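Please open the structure in a viewer and keep the selection panel at hand.

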Amino acid sequence: MPDTTIDPTSPHLIDRVVIRFAGDSGDGMQLAGDRFTTSSALFGNDLATFPDFPAEIRAPAGTLAGVSAFQVHISDHTISTPGDAPNVLVAMNPAALRANVSSLPQGATIIVNSDAFDERNLHKAGYDVDPLGDGSLSAFSVYEVPMTSITTESSKELGVKPRDAERSKNFFALGLISWLYTRPVEPTLEWITEKYAGKELVKEANLRAFKAGYHFGDTAELFESSYEVKPAVLEPGEYANVTGNTATAWGLVAASITSGLPLFLGTYPITPASDILHELSKHKHFGIRTFQAEDEISGIGAALGAAYGGALGVTTTSGPGLDLKAEMMGLAISLELPLIIIDVQRGGPSTGLPTKTEQADLLHAMYGRHGEAPMPIIAARTPSHCFDATVEAVRIAVKYRTPVILLSDGYLANGTEPWKLPELADQPAIDPDFATGPNHVLDDGTEVFWPFLRDPETLARPWAPPGLAGLEHRIGGLEKADGSGSVAYDGANHEHMSRLRAAKIAGIAADIPPTDVDDEEGARVLVIGWGSTYGAIAAGVQRVRARGHKVAQAHLVHLNPFPADLGDVLKRYDKVLVPEVNLGQLSRLLRAEYLVDAQSLTQVSGIPFRAASMESALLELIEESADSGSATEEGSD
Amino acid sequence: MTDVSETVPVALTTRKDWSSDQEVRWCPGCGDYSILSAVQTLMPDLGVRRESTVFLSGIGCAARFPYYMDTYGMHSIHGRAPAIATGLATTRPDLDVWVVTGDGDALSIGGNHLIHALRRNVNITILLFNNQIYGLTKGQYSPTSEVAKVTKSTPFGSLEHPFNPLSLALGAEAGFVARTHDMDRKHMMETFRRAHAHKGASFVEIYQNCNVFNDGAFEQITGKDNRADMLIPLMHGEPIRFGSEGQFGVIMDPDGSVKVVEVATVGEAALLVHDEHLENPGLAFQLSRLSRGPYEPTPIGVFRDVDHDEYGQQMAEQIDAATERRGPGDFAALLRSGSSWTVS
């Protein structure tokens, strides 16, 4: 229906839009998306982003394999996902169009760099006929913009070589989209000026390309109108747009400060976890030591050595690295020393999909060690929540003298959202509570230090780093006698110690919040998730509720142990749906632990769930629940 | 952690103070006993504190060592002690960190960690008990076993060429490399003392007899009656000379390789003069390859002792420099290090 209220001179107000920038790996699409995101954040929109790029640094130019994309969802109200499908696709070449066109809804806008649609590129993308001319895109509004030639033209008088000038075309695209969505231009102009200071030609070419794109939108009369997405109503305060990896790094810094423990990161570079190392290595003035080890095993080994010495020992990794660290985790469990293992999950098995997201390491985190080797597991649910989840992992590790696995994933690691900056003073206290002297008196009256004499409440053992006279002691991976810590092979002691180690971890349930349920009176269906599915589940729940149905949502941060009331919560509902980006791992744990008929909704396609699939799965269950409910009533008549 | 070293003087100790209450459980007659004894006897002489001393180990017979020292200690997992030691030594420069390992632990499963700890020059002292056999798993060939060795896992003889531990350490550019053996407590103590005094990574290979699975492996060179003619004591600044009457010596050929000669034939002036402090590891490397195995005249003592920047100290210096440049870390400023904005 035509909107007759549009004033062609003023932007058309919309409440939200999803834009996908797509091009070759070398086209700078991540940069364009990131800058668009930043100016939208500064403008005050709520937003969520989804960078989606290949594992190859530079796959062959122009091919489908080389397509790199950045999706951003901006809105004037609170949102939780980067959007199911783009409203706007910016395609810098035929491959970018072909790789993304199937995900576009009817009526979507496509803006293509028409200069790139030559025979060679069309062929590389697998097009026999130019899709711009064959009517195959008739369901969409297609805008053909000669981005390369206008960009090159804009910097011609600077004396930039055409091949170099062309490289600014991502800024042209950014300028055009900035006009189309009425973004403030100053942040981007300032950013370019600062970023390319000292490289005058590059700076000037990028500024000109950006302005050329912006003015093209304004003057070309190609677009009927520009659009505006008003700022969202966010809680007052200071905000920054963070990725999950940055929030994780900052969480470690915060926990290091509040605990007074110097931070030591022992790690080996691996996608998508490396940015945590990159971030921390920049901040040595916090007393942070970052150690790029010779391998994954050394990374966690050095972190454990640092923890033994009284530091906050941390290792970061992804799936293949987690496999390699298993033995050292077992040692940390046996030694009962605090240690943080951060697993930024990616598609597996083996090398799998290094740059794509997955949640398939849960059972590995839970059970992936020989022997009875329980370990707490914490999972972050949004990029900014990585901060809180990290602090919580450290709190538990230090208090209970145990290694803790923190699960993040590729989607959280690289995705961003606006985050209300926390105060250090609001963070939980973390007390290392180091041993200070002997803790036991032998029968002959001698005061001694027993490294495995436990706190009766937490069952945690004392943490006694080397350096204090009178506390010298030996620990190791051999089974030890409870209390004295001496090597002990007898079966009764092993039984006792195995149960003690299990009870210590299980007991943490008393020290974590009850299950956080977003309930609705009368809801008979519960959807429960963990990790990065939070946004999609929340969006799906919102849609279902908007249709007038009732549904309850819970999301687990603590996966081992579970919150103490979880069993009761699950039993309150007729149907329990467990969406996961794996083949059903939490659902198995819930079924095994609570004997509930938890139903799985799974997907392992390397991308996050869409709100729409969540919605339809929930609607189906609600319907089933209603049917079975009425059947029961009939039966009871 | 509080560093007490500034305020409290080092207490006088005896060997007994360094011995833990744990019963030593190596096989009777094992060479490990004499190494333990040499270390325990040496410690009171080093002027170090028990509470600032840490023994770390991996897995194997040698790896039980920390349990017997009344210091801080950790018996960890197979091959990984150098990695754990790297984290400890870099975060706690106030500690003396020793790594006790064996030929399987250090050179097979833990080979990667060993060479990287050496090249980074982490401030640790590594004692490698080389008995050329797997003892704890009951007698399989090790990465230092000789070719054709018949063991439980190689009934037709092993096919593998052994590692030369000293060549390997020198190849990783270790700053301190030495060899000693379990039949000479005085030599062990002197070698360990030097290794401990060296700042950075120190590597000591100890020929150690496993009397159960590889008895007599070094007898031909370390036996009391054989030593004089079969062990070549290296002494800095001295011509390399050995033999019951000093009748043998070592010279360097024009191609850079070294060989054993009779002094009478070449003349004393032709003998190679040992220099531990050469930056170029070439001489030490040639000496490490003088003997093809413990059946030929074999050099013992310090092969190389050169100072390089120590890893943990460099790490600390980077932190100090960053702190001086930017001031101590300000968390609120960190959160605002990217773009931030205010919603009112």
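Begin with chain A, where 24 residues of domain 2 are in contact with 20 residues of domain 3 of chain A; two residues are in contact if their C-beta atoms, placed from the backbone, lie within 7 Å. On the domain 2 side that touches domain 3, select helix H13 (362-367), strand E14 (377-379), strand E15 (403-409) and helix H15 (410-414) of chain A, each of which supplies at least two residues. Helices (H or I, at least four residues) and strands (E, at least two) are DSSP runs, numbered from the N terminus. By class, this side of domain 2 of chain A has 16 nonpolar, 4 polar and 4 charged residues. Here Ala, Val, Leu, Ile, Met, Phe, Trp, Tyr, Cys and Pro count as nonpolar, Asp, Glu, Lys and Arg as charged, and the others, Gly among them, as polar.

This is a predicted model, in which local features need pLDDT of at least 70 and side-chain atom pairs count only at pLDDT 80 or more, while totals for chains, interfaces and linings use all residues. Residues are numbered from 1 along each chain as its sequence is written, and chains are lettered from A and ligands numbered from 1 in the order in which they are written.

Two strands pair if DSSP finds at least two bridges between them. Axes are lines fitted to C-alpha atoms, for helices over the stretch in contact, and angles run from 0 to 180 degrees between N-to-C directions.

Now display both chains: the contact takes 54 residues from chain B and 60 residues from chain A. On the chain B side, H2(B) gives the most, with 8 residues. The residues of that side divide into 22 nonpolar, 24 polar and 8 charged.

Which way do strand E9 (residues 237-243) of chain A and E12(B) run? They run antiparallel and are joined by 4 bridges. Select Tyr239(A) and Trp341(B), which are bridge partners.

Finally, select helix H11 (residues 296-308) of chain A with H2(B): the two pack at an angle of about 45°, with their axes 6 Å apart. H11(A) is therefore oblique to H2(B); angles under 35 degrees count as roughly parallel, over 145 as roughly antiparallel, 65 to 115 as roughly perpendicular and the rest as oblique. Residues that meet here include Gly301(A) and Leu304(A) in H11(A), and Ile84(B) and Leu88(B) in H2(B). The contact of H11(A) with H2(B) comprises 10 nonpolar, 6 polar and no charged residues.
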